[in-house]
Amino acid sequence: MELSEAIGRRRSTRFLLPHKPVERHKIQRMLEAARLASHWGNASTLRAVVVFRDEAPDEVIETLASPVAGYQARLAPVLIVWFLDTAAVDEQHDRLRELVDAGVLGYGPDRRRALEEVLIPVFSKETLEHLKQPGLNEMDCGQGIAQATLVAFAQGLATCLLGTANPERIRKGLGMPESCRFLVTQTVGYPAESPEAGGQRPRRPFEELFHLNAYGNAFPRDPAVVEDLRREGMIQDPAPLPWREEELEVLTRGLGLDGNGIL
Ligand SMILES: Cc1cc2nc3c(=O)[nH]c(=O)nc-3n(C[C@H](O)[C@H](O)[C@H](O)COP(=O)(O)O)c2cc1C
């Protein structure tokens, strides 16, 4: 699948086939993609616990069944619990040394000395403590999760990200150290929905989001580019599709959903 199409097909797919197992190698490919994502200072704070519903102990499944997760978590054969480990930030100086030794950061024969004398002092102990706070790490972990998500869709899988009202419960329930912050749980499975999954979601207008040269000057959206992206599959028919209500009815009955209709 081309990149444009993978981006177009990536959409939160909330109805998964509970009985169809997900191959472990497909999950590994998702994790490999997450590992390769960029991270400030190459600090690599992103971590995950992959939970296969059929294999995991009852206590683990119980931990993940929060009210926010609802029917989506119950249907998913696999749940990837993404979290970040702030302890990784303590090793950032070594990560920078690796980059310089690999020849991908800096230039010239003196770059190793310059790293120790110029760049590493910028990342003092105090600065690193500050950098452990919510912010940059979350953004970088998000890039990793986004790459994993695109790989999931490119492999015919579907996913949805789920928050929680009680991240500490999940952290403790999965045995993570205190240096870890829960990010999001990702459901993974084969879609019970049609590939359109209801159609492309509403978004704020392009011109409202992006600016050219100065804030307030809308980036001009060329209709010819939009047309190309439609052909490539990145831009698809918007929700609601005319037959969506019927599809929801079939999904509700077929999957035996009898909850409150939203969670
Ligand atoms: C960090 C994050 C957390 C989310 N948490 C939830 C959630 O708890 N429950 C849910 O149904 N969707 C959740 N979503 C999915 C969003 O609601 C979804 O992105 C939005 O409906 C737009 O749909 P799309 O992803 O198909 O474009 C989350 C998305 C992100 C990025």
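Which residue in β4 is the bridge partner of Leu162? In the predicted model before us, that partner is Thr185.

The protein has 263 residues, of which 26% are buried. Its secondary structure amounts to twelve helices and four strands. The C-alpha trace extends about 65 × 55 × 35 Å along its principal axes. If we consider contacts between residues at least 6 apart in sequence, 83% of them link residues at least 24 apart.

Let us now consider the sheet. Strands of a sheet pair through backbone hydrogen bonds, in either a parallel or an antiparallel arrangement. Here four strands form an open sheet in the order β1-β2-β4-β3, and the pairing is antiparallel. The edges are β1, residues 46-52, and β3, each of which pairs on one side only. On average, neighbouring strands of this sheet are turned by 25° against each other, with direction ignored.

We can follow the pairings across the sheet. β1 and β2 are antiparallel and share seven bridges; within this pair, Leu46 lies opposite Leu84 of β2. Eight bridges then connect β2 with β4, again antiparallel, and Asp85 faces Cys180 in β4. Finally, β4, residues 180-189, meets β3 in the antiparallel sense over five bridges. The pair from my opening question, Leu162 and Thr185, belongs here.

How many of the residues of β2 are buried? The count is eight of its eight residues. Both faces of the strand are covered. Val78, Ile80, Trp82 and Leu84 are buried on one side, and Leu79, Val81, Phe83 and Asp85 are buried on the other.

I come next to the ligand. Its surroundings consist of Arg11, Ser12, Val68, Cys160, Leu161, Leu162, Gly163, Val184 and Arg201. Strand β3, residues 158-162, supplies the largest share of this shell, with three residues. By class, the shell contains five nonpolar, two polar and two charged residues.

Just after the helix, Gly156 adopts a positive phi of about 85°.

My last topic is Met234, which sits in the loop between α11, residues 223-232, and α12, residues 244-254. Is this residue buried or partly exposed? Met234 has 19 C-beta neighbours inside 10 Å and therefore counts as partly exposed, since a buried residue requires 20 or more. Leaving aside residues up to four places away in sequence, Met234 touches Ser4, Glu5, Ile7, Gly8 and Leu229. By contrast, Arg74 lies 160 residues from Met234 along the chain, and their C-alpha atoms are separated by 30 Å.

That concludes the presentation.

Definitions and conventions: Residues numbered from 1 in each chain as written. Predicted model: local features only at pLDDT ≥ 70, side-chain atom pairs only at ≥ 80, totals over all residues. Near = placed C-beta within 6 Å. Helix = DSSP H or I, 4+ residues; strand = E, 2+ residues; numbered from the N terminus. Nonpolar A, V, L, I, M, F, W, Y, C, P; charged D, E, K, R; others polar. Pairing = 2+ DSSP bridges. Axes fitted to C-alpha atoms, helices over the stretch in contact; angles between N-to-C directions. Buried ≥ 20, exposed ≤ 12 C-beta atoms within 10 Å, placed from the backbone. Contact = placed C-beta atoms within 7 Å.
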